[in-house]
Amino acid sequence: MTRKEDRRISDMGTLKAIAHPLRMQLYRALHVAGAATASQLGEQVDEAPSLVSYHLRKLAEHGLIEEAEPRSGDGRERWWQAASEGVSVHDEDFRSAPEKAAAHTAFARLLVDQRADLYRRFLDERHAWGAEWGSAASDSESNLRLTPGELAELNKELLTVIRKYDEKGRADEAAGDTEGRENVALHTYGFPFRA
């Protein structure tokens, strides 16, 4: 499977479109599912299909998602998929004005909140995953002494390793190796701080 590139968001309209909590949930759910209908997504996020359809159309207006090939014989169903592998938002694209910086910060905080909620849910349900997943799951913090260039290089290397494992897992799954395979969230943050 050829890897789609990330979509770089550099305009306020697109950033505001995805920075809505429900839209971000829907976008993430489409990545996990590959493709889904508004009804299927509505069940996942506990919202009415009509509301989900509205938000999906908003994401599509900004090219974040697109229609997918139908996965069932019901021609009335509209299937959606992400238009890219993911999105990236860069600080330099939103530094030129206070309102742009504020929108970028709000988006970043939304991501942190949703990621923390996902991890909290795992912690609450950890016992149900069994010993093997409990042992494999990780949580670590490293305090490094780096320059901005070194942090950028570290991030690039980590992304290369993550993509290698993602591509291998997807290829193995496509070849029929599905035993014990689950969706795995891996969150890394690298940022400066002063003690």
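A salt bridge here is a side-chain nitrogen of Lys or Arg within 4 Å of a carboxyl oxygen of Asp or Glu. I started from that cut-off and looked for linked pairs. R8, E92 and D93 came up as a network of salt bridges. I note at once that the model is predicted.

**Entry: overall layout**

I listed the elements next. The protein has 7 helices and 5 strands. From the N terminus on, I read the order as β-α-α-β-α-α-β-β-β-α-α-α. I then boxed the C-alpha atoms along the principal axes and got roughly 55 × 50 × 35 Å. The protein has 195 residues, and 23% of them count as buried. I also looked at contacts between residues at least 6 apart in sequence. Of these, 65% join residues at least 24 apart.

**Entry: salt bridges**

I searched the whole structure and found 10 salt bridges. Side chains of opposite charge can pair when their charged atoms come close. I went through some pairs one at a time.

I took R95 and D91 to begin with. Their closest N and O atoms are 2.3 Å apart. D91 is partly exposed, at 34% relative accessibility.

R120 and D117 came next. The closest N and O atoms of this salt bridge are 3.0 Å apart. I checked where the two residues sit. Both are in helix α5, residues 98–129. They are 3 residues apart, about one turn of the helix. R120 has 47% relative accessibility and counts as partly exposed. D117 has 47% relative accessibility and is also partly exposed.

Then I looked up D177 and R181. Their side chains form a salt bridge, with 3.3 Å from N to O. D177 counts as partly exposed at 37% relative accessibility. R181 is partly exposed too, with a relative accessible area of 30%.

**Entry: α2 against α3**

Two packed helices are described by the angle between their axes and the distance between the axes. I looked up both for α2 (residues 21–33) and α3 (residues 38–45). The axes come within 10 Å. They cross at roughly 115°. Angles of 65 to 115 degrees count as roughly perpendicular, so I logged α2 and α3 as roughly perpendicular to each other. The crossing of α2 and α3 is right-handed.

Which residues make the contact? From α2 I listed L22, Q25, L26, A29 and L30. From α3 I listed L41, Q44 and V45. I sorted the residues of this contact by class. The contact of α2 with α3 has 6 nonpolar and 2 polar residues, and no charged ones.

**Entry: α2 against α5**

I repeated the look-up for α2 and α5. The axes come within 11 Å and cross at roughly 60°. That makes α2 oblique to α5. The crossing of α2 and α5 is right-handed.

I wrote down the contact residues again. α2 brings P21, M24, Q25 and R28. α5 brings F107, L110, L111, Q114 and R115. For the contact of α2 with α5, I got 5 nonpolar, 2 polar and 2 charged residues.

**Entry: H104**

I stayed on helix α5 and picked H104, which is found there. Is H104 buried or exposed? I have H104 at 14% relative accessibility. The cut-off for buried is under 20%, so H104 counts as buried.

I then looked up what H104 touches, leaving aside neighbours within four places in sequence. The partners are L15, V89, H90, D91 and F94. D91 was already in my notes, as the salt-bridge partner of R95.

**Entry: K58**

I finished with K58, in helix α4 (residues 49–61). K58 counts as partly exposed, at 24% relative accessibility. Which residues does K58 touch, not counting those up to four places away in sequence? I found A17 and R23.

I also took a C-alpha distance from K58 to E132. The two residues are 74 apart along the chain. Their C-alpha atoms are separated by 40 Å.

How values were computed:
Residues are numbered from 1 along each chain as its sequence is written. This is a predicted model: local features need pLDDT of at least 70, side-chain atom pairs count only at pLDDT 80 or more; totals for chains, interfaces and linings use all residues. Side-chain values use heavy atoms; hydrogens and water are left out. Axes are lines fitted to C-alpha atoms, for helices over the stretch in contact, and angles run from 0 to 180 degrees between N-to-C directions. Helices (H or I, at least four residues) and strands (E, at least two) are DSSP runs, numbered from the N terminus. Angles under 35 degrees count as roughly parallel, over 145 as roughly antiparallel, 65 to 115 as roughly perpendicular and the rest as oblique. A crossing is left-handed if the near helix is turned anticlockwise from the far one by less than a right angle, and right-handed if clockwise. Contact means heavy atoms within 4.5 Å. Ala, Val, Leu, Ile, Met, Phe, Trp, Tyr, Cys and Pro count as nonpolar, Asp, Glu, Lys and Arg as charged, and the others, Gly among them, as polar. Buried means under 20% relative accessible area, exposed over 50%, partly exposed in between (1.4 Å probe, protein chains only).
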